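Student: Can you walk me through this model? I'd like to start with the strands and then move to the core.

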Amino acid sequence: LDGIQRASTIIENLLRFARPSPSDQVEPLNLVVLARETVSVLAPQAKLQKIKVIEDYQDPSVLISGNANLLRQVVMNLILNAYQAMPTGGEIRIAVRREAAEAVVRVCDTGCGIPSSHLGKVFDPFFTTQPVGKGTGLGLSICYTVVKQHGGVISVDSVEGRGSTFTVRLPLTAIDS
């Protein structure tokens with residue numbers, strides 16, 4: 001019964017990700033639910049890579065207006081980048097907070113970090129440190145564009161050899177501020 005329930009949850013989450021929606025569809029969203037769903041979909045990969053995932057949600061609900069599929073893609077890209085930075089395992093923390101009039105999503109990893117010479121380029125289209133054929137260099141550029149379209153900002157702090165923290169700030173909905 002537990003296995004069936006787990007399989008059912010996985011299928012529901014995959015269908016939620018796969019459901020097409022118009023790119024301009026804006027709706028009320030709970031960022032905590034969106035983050036939990038994304039972490040759940042990516043949990044098997046974390047387990048395979050021996051990555052400990054810590055979910056840190058201060059409130060059960062942090063409401064914004066946005067396109068669910070696009071914002072899921074942002075969270076997914078940030079988590080997958082963190083996984084890539086920890087090929088031999090590590091720890092990732094996904095936090096969703098309400099700070100002043102903003103919803104804040106932080107993805108912190110204990111991976112290899114980003115060299116300071118690359119920090120100014122990580123959101124540039126086609127910039128990648130991956131070997132040829134391994135990455136397009138579009139993931140963080142897409143994140144930047146989507147976050148900006150939602151009236152937000154994305155930033156990165158990193159220490160080479162110790163890990164990186166990506167922070168997404170989005171405006172709260174009027175009812176949640």
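Tutor: Two strands pair if DSSP finds at least two bridges between them. Helices (H or I, at least four residues) and strands (E, at least two) are DSSP runs, numbered from the N terminus. This is a predicted model, where local features need pLDDT of at least 70, side-chain atom pairs count only at pLDDT 80 or more, and totals for chains, interfaces and linings use all residues. Residues are numbered from 1 along each chain as its sequence is written, and side-chain values use heavy atoms, with hydrogens and water left out.

Student: Which way do β2 and β4 run, parallel or antiparallel?

Tutor: Strands β2 (residues 51–57) and β4 (residues 90–99) are parallel, joined by seven bridges. V53 stands opposite I92 in β4.

Student: And how many bridges join β4 to β5?

Tutor: Eight, and β5 (residues 102–109) runs antiparallel to β4. The two form a hairpin with two residues between them, and A100 in the turn has a positive phi of about 55 degrees.

Student: What stands opposite I94 in β5?

Tutor: V107 does. I94 also touches A35, V39, V53 and I79, among others (contact means heavy atoms within 4.5 Å).

Student: Now the core. Which residues touch the most other members?

Tutor: In the largest nonpolar core, which has 41 residues, they are L31, L78, I79, I92, I94, V96 and V168. Such a core is a set of buried Ala, Val, Leu, Ile, Met, Phe, Trp, Tyr and Cys residues joined through side-chain atoms within 4.5 Å. Buried means under 20% relative accessible area, exposed over 50%, partly exposed in between (1.4 Å probe, protein chains only).

Student: Where does the largest share come from?

Tutor: From α3, with nine residues.

Conventions: Lists of a residue's contacts leave out its neighbours within four places in sequence.
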